[in-house]
Amino acid sequence: MKTLVAYLKYATCIILVSGLLLSCNEDRDKTRTERALEETGEAIQEDAKDLANKIEGKTDSVGDKLEENKDEFVAKMQDRSRELDNEIDELEAKIDRQGKKADRKVKAEIAALEVKRDELNRDIEKLRRSSGNAWQDMKAGIRRAVDELDRGFEEAKENFEKDSDN
């Protein structure tokens, strides 16, 4: 961007100087000045095109990096969601193995965790399909959802263990 500004300043200076030269020597060497202006204008246009191509290439590489980071984040959140699925399944299996009726509170907590987990999976899928920088806005919400699920699972697990001890 700084380079573009520099080119624009350079072009402005050239145009001003050329304008002064034209006004001073309007009658004399008019064709030579016009040719110089045309050449300068063409050179500036070529430089601007080169700069635009360079800038476009850099923004593409930044976009690629963001996409890579998004893909990494999505994969990480999908892995954590699967881990939570396994932990919930293990807790449900413990309740079933215990053979006695588990506290309704623990069962309700597990049911709520499953609903939140399903919401998280939908949000992760939305994130995966998002484009541009929109995923950055969603990232914090998904992290909060994972943290809530972690806390909820730990609470349900503690409540189950309390019930098992009694």
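In helix H3, glutamate 125 and arginine 129 lie 4 residues apart, about one turn of the helix, where helices (H or I, at least four residues) are DSSP runs numbered from the N terminus. The structure is a predicted model, in which local features need pLDDT of at least 70 and side-chain atom pairs count only at pLDDT 80 or more, while totals for chains, interfaces and linings use all residues. Residues are numbered from 1 along each chain as its sequence is written, and side-chain values use heavy atoms, with hydrogens and water left out.

The side chains of glutamate 125 and arginine 129 meet in a salt bridge of 3.3 Å, N to O, a salt bridge being a side-chain nitrogen of Lys or Arg within 4 Å of a carboxyl oxygen of Asp or Glu. Arginine 129 counts as exposed because its relative accessibility is 56%, the classes being buried under 20% relative accessible area, exposed over 50% and partly exposed in between (1.4 Å probe, protein chains only). Glutamate 125 also forms a salt bridge with arginine 128, for which the closest N and O atoms are 2.5 Å apart; these two residues both lie in helix H3 (residues 104-129), with a separation of 3 residues, about one turn of the helix. Glutamate 125, at 26% relative accessibility, is partly exposed, and arginine 128, with a relative accessible area of 43%, is likewise partly exposed.

The structure holds 8 salt bridges. Among them, the side chains of arginine 80 and glutamate 87 meet at 3.7 Å, N to O. Arginine 80 is buried, since its relative accessible area is 17%, whereas glutamate 87 is partly exposed at 25%. Salt bridges that share partners join Arg80, Glu83, Glu87 and Asp150 into one network.

On the surface, Glu38, Glu39, Glu42 and Glu46 gather in a patch of negative charge. Patches are made of residues with over 30% relative accessible area and no salt bridge, with like charges joined within 9 Å and nonpolar side chains (Val, Leu, Ile, Met, Phe, Trp, Tyr) within 5 Å. Asp and Glu count as negative and Lys and Arg as positive, His and the chain ends not being counted.

How values were computed
Areas by Shrake-Rupley, 256 points an atom, 1.4 Å probe, with all protein chains shown as cover. Charge placed at Lys NZ, Arg CZ, Asp CG, Glu CD.
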